[in-house]
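Please walk through this protein model with me, helix by helix. The sequence and the structure come next.

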Amino acid sequence: MFNNCQNIDELQKEWRKQALRLHPDKGGNAADFQRAHAEYLRAKQRIEANTPKGLSKNQLEIIGQVGEALLKVSRGEDWISAALGILRKQ
């Protein structure tokens with residue numbers, strides 16, 4: 001249910017959607033809601049364990065963009081085009 005979530009923001013968005021769908025007060029089943037909540041907590045632990053501590057969201061985005069640029073260069077794109085792609089996103 002939460003395996004595709006790569007960061008806390010994505011996870012929280014998906015959890016809100018699932019909670020509204022599964023909550024007993026909204027017509028859902030209590031057992032299904034509890035299972036989803038347990039899965040949410042496991043996904044949260046996984047994401048937190050794989051997220052560098054002390055970095056802001058902006059810093060993490062920049063690291064991701066640099067990684068994308070390095071992949072482009074490794075596939076043969078010239079480094080100037082890859083670097084300009086990062087700058088355009090800023």
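Where do E14 and K17 lie, and how many residues apart are they? Both lie in helix α1, three residues apart, or about one turn of the helix. Helices here are DSSP runs (H or I, at least four residues), just as strands are runs of E of at least two, and both are numbered from the N terminus.

Before going further, some ground rules. This is a predicted model, in which local features need pLDDT of at least 70 and side-chain atom pairs count only at pLDDT 80 or more, while totals for chains, interfaces and linings use all residues. Residues are numbered from 1 along each chain as its sequence is written, and side-chain values use heavy atoms, with hydrogens and water left out.

The side chains of E14 and K17 meet in a salt bridge, at 3.3 Å from N to O. A salt bridge here is a side-chain nitrogen of Lys or Arg within 4 Å of a carboxyl oxygen of Asp or Glu. Side chains of opposite charge can pair when their charged atoms come close. The two partners sit in contrasting surroundings. E14 counts as buried, at 17% relative accessibility, whereas K17 is exposed, at 52%. The cut-offs are under 20% relative accessible area for buried, over 50% for exposed, and partly exposed in between, with a 1.4 Å probe and protein chains only.

What touches E14, once its neighbours within four places in sequence are left aside? E14 is in contact with M1, F2 and C5. Contact means heavy atoms within 4.5 Å.

By this rule the count of salt bridges comes to two. The other one joins the side chains of R35 and D32, at 2.4 Å from N to O. R35 and D32 are three residues apart in helix α2, so about one helical turn separates them. R35 is exposed, with a relative accessible area of 53%. D32 is partly exposed, at 33%.

Now turn to the interior. In soluble globular proteins, nonpolar side chains tend to be buried together. The largest nonpolar core has eleven residues: F2, C5, L11, W15, A19, L22, F33, A36, Y40, A43 and I47. Such a core is a set of buried Ala, Val, Leu, Ile, Met, Phe, Trp, Tyr and Cys residues joined through side-chain atoms within 4.5 Å. The elements giving two or more residues to this core are α1 (8-22) and α2 (30-49). The most comes from α2, with five residues. Not counting residues up to four places away in sequence, W15 touches F2, F33, A36, H37 and Y40.

Which residues does P24 contact beyond its neighbours within four places in sequence? They are N29, A30 and F33. P24 is found in the loop between α1 and α2. It is partly exposed, at 36% relative accessibility.

Q6 lies in the segment before α1. Q6 is exposed, with a relative accessible area of 58%. The C-alpha atoms of Q6 and L60 are separated by 12 Å, although these residues are 54 apart along the chain.

Next comes helix α3, residues 57-74. It has 18 residues and reaches 26 Å from its first C-alpha to its last, close to the 26 Å expected at 1.5 Å a residue. The expected span is 1.5 Å times one less than the number of residues. Within α3 sits E68, which is partly exposed at 38% relative accessibility. The C-alpha atoms of E68 and A83 are separated by 9.9 Å, with the residues 15 apart along the chain. Just after α3, G76 takes a positive phi of about 110°.

Finally, look at the surface. V73, W79, I80, L84 and L87 form a nonpolar patch with about 520 Å² of accessible area together. Patches are made of residues with over 30% relative accessible area and no salt bridge, with like charges joined within 9 Å and nonpolar side chains (Val, Leu, Ile, Met, Phe, Trp, Tyr) within 5 Å. The areas come from the Shrake-Rupley method with a 1.4 Å probe, and for residues only the protein chains shown count as cover. Helix α4 (residues 79-89) supplies the largest share of the patch, four residues. I80 is found in this helix, and I80 is partly exposed at 45% relative accessible area.
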